[in-house]
Amino acid sequence: MSGGGARLTQRDIARLAGVSQATVSLVLNWRGDGSARIPDQTRERVMQVIRATGYVADPAARQLVGRRNHLLGVFTYEPVFPTLQADFYTPFMLGIEAAAERFGYDLLLFTSAPVADGRRRIFHENNRMRLADGCILLGRTLDRDELARLVADRYPFVAVGRRDDAGGPVPYVGADYIDATAALVRRAVALGHRRLAFIGPGGGAESSDDRWAGFRSAVDKAGVDWVHEPGEGRDPGEIVDGLLRAGATAALVEDQADAVVLERAARDRGVAVPDDLSLIALGNPTRPVATDIDFTCFRIPREEMGRQAVEILTLVMSGQEEGRQRLLPCELAEGQTLGPAPGKRKGRRA
């Protein structure tokens, strides 16, 4: 897959496969009914080249030679529409839609990608991304090999979320999780908390890396103690018990949905939030959870990230190098779940 006027053609496929262009056309239009008499070995050789290059027949592009289709693609590594995902992804999509309308583009949502190891894949035999002038990628974890291939092929794309270098600079719009997490640590320290906990993987995806980096830098600078409690697959009650044994008085939770569950587990044990234990959420919930509690947290500017993803993609498609990587500030929310450390409240004995 190549972009910016360097699209692959059937002639390119024919040259790479060592066959005629007519043979490539017959392979692409093969129906398996015997109408195209092509040796199996020849057809397979052509298909190997097609799979390796990511080429797909593009009737719309052929009709618009030298021009854009005014279509922007949206590829999501996880389904967008099921209820479990909708609350998280909808603001991104609203921002993308609004900006696409402003720039005069239609949107094309790619949904036919096959699932491998529980995740969708960009590159597959029926890939149709070339129908779009460029594509916005959404997902909690993007495949680095696929990003590297997109960069190498010079296909115009923008990732939503900060991404590491993948054989070249990856255009992205992300949220500044490092500064937002550090700011919440400073709030907790200012309220007298001297032993803080981080609950979450603390690594893997860039968003986790950034939250962990912000936490570590802030607690080190403040000179306070800390503990790390990986939360995945663990009983929330056991996590609360571990926090209490460790003497942690405030916990920063990577996913607000997990903070909701931890608050319930704490309440079941007679531990009051925030009187006995403060809980701070590092972002919006990634799955819907019912709660009446207003959590102290930071809010991810998801709709604005969607808008700016489209803006960056227009820069990429026009060949501009500046402004391709952006981090947007998060909004801190006071909430009800961060209070003074136990013993620091008026009327309490230290």
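Predicted model: local features only at pLDDT ≥ 70, side-chain atom pairs only at ≥ 80, totals over all residues.
Trainee: What is the strand order in the open sheet with parallel pairing?
Mentor: Start from the edges: strand E2 (106–110) and strand E13 (325–328) each pair on one side only. The twist averages 20 degrees from one strand to the next. The 6 strands take the order E2-E1-E5-E6-E7-E13.

Trainee: In E7, what is the bridge partner of Val160?
Mentor: Strand E6 (residues 157–160) and strand E7 (residues 172–175) run parallel, and 2 bridges join them. Val160 falls in the E6 stretch. Its partner in E7 is Val173.

Trainee: At what angle to E6 does helix H11 run?
Mentor: Helix H11 covers residues 302–317. It lies across E1, E5, E6, E7 and E13. Relative to E6 its angle is about 160 degrees.

Trainee: How many residues are in the largest nonpolar core?
Mentor: Nonpolar side chains in soluble globular proteins tend to be buried together. Here Leu138, Val185, Leu196, Phe215, Leu252, Phe298 and Met305 have the most contacts inside the core. Phe215, for one, touches Val185, Leu196 and Leu252, among others. The core has 47 residues.

Trainee: And how many are in the other core, the one with Phe123?
Mentor: That core lies apart from the largest one. Among its members are Phe123, Leu137, Ala166 and Val170. Its residue count is 20.

Trainee: Is Cys330 buried or exposed?
Mentor: Its relative accessible area is 15%. The cut-off for buried is under 20%. So Cys330 is buried.

Trainee: How many disulfides does the whole structure hold?
Mentor: A pair counts when its sulfur atoms lie within 2.5 Å. Take Cys330: the closest cysteine sulfur, in Cys297, is 9.9 Å away, so that is too far for a bond. Over the whole structure, the number of disulfides found is 0.

Technical notes. Residues numbered from 1 in each chain as written. Heavy atoms only, no water. Core = buried A, V, L, I, M, F, W, Y, C linked by side-chain atoms within 4.5 Å. Buried < 20%, exposed > 50% of the residue type's maximum accessible area, 1.4 Å probe, protein only. Contact = heavy atoms within 4.5 Å. Pairing = 2+ DSSP bridges. Helix = DSSP H or I, 4+ residues; strand = E, 2+ residues; numbered from the N terminus. Axes fitted to C-alpha atoms, helices over the stretch in contact; angles between N-to-C directions. Lists of a residue's contacts leave out its neighbours within four places in sequence.
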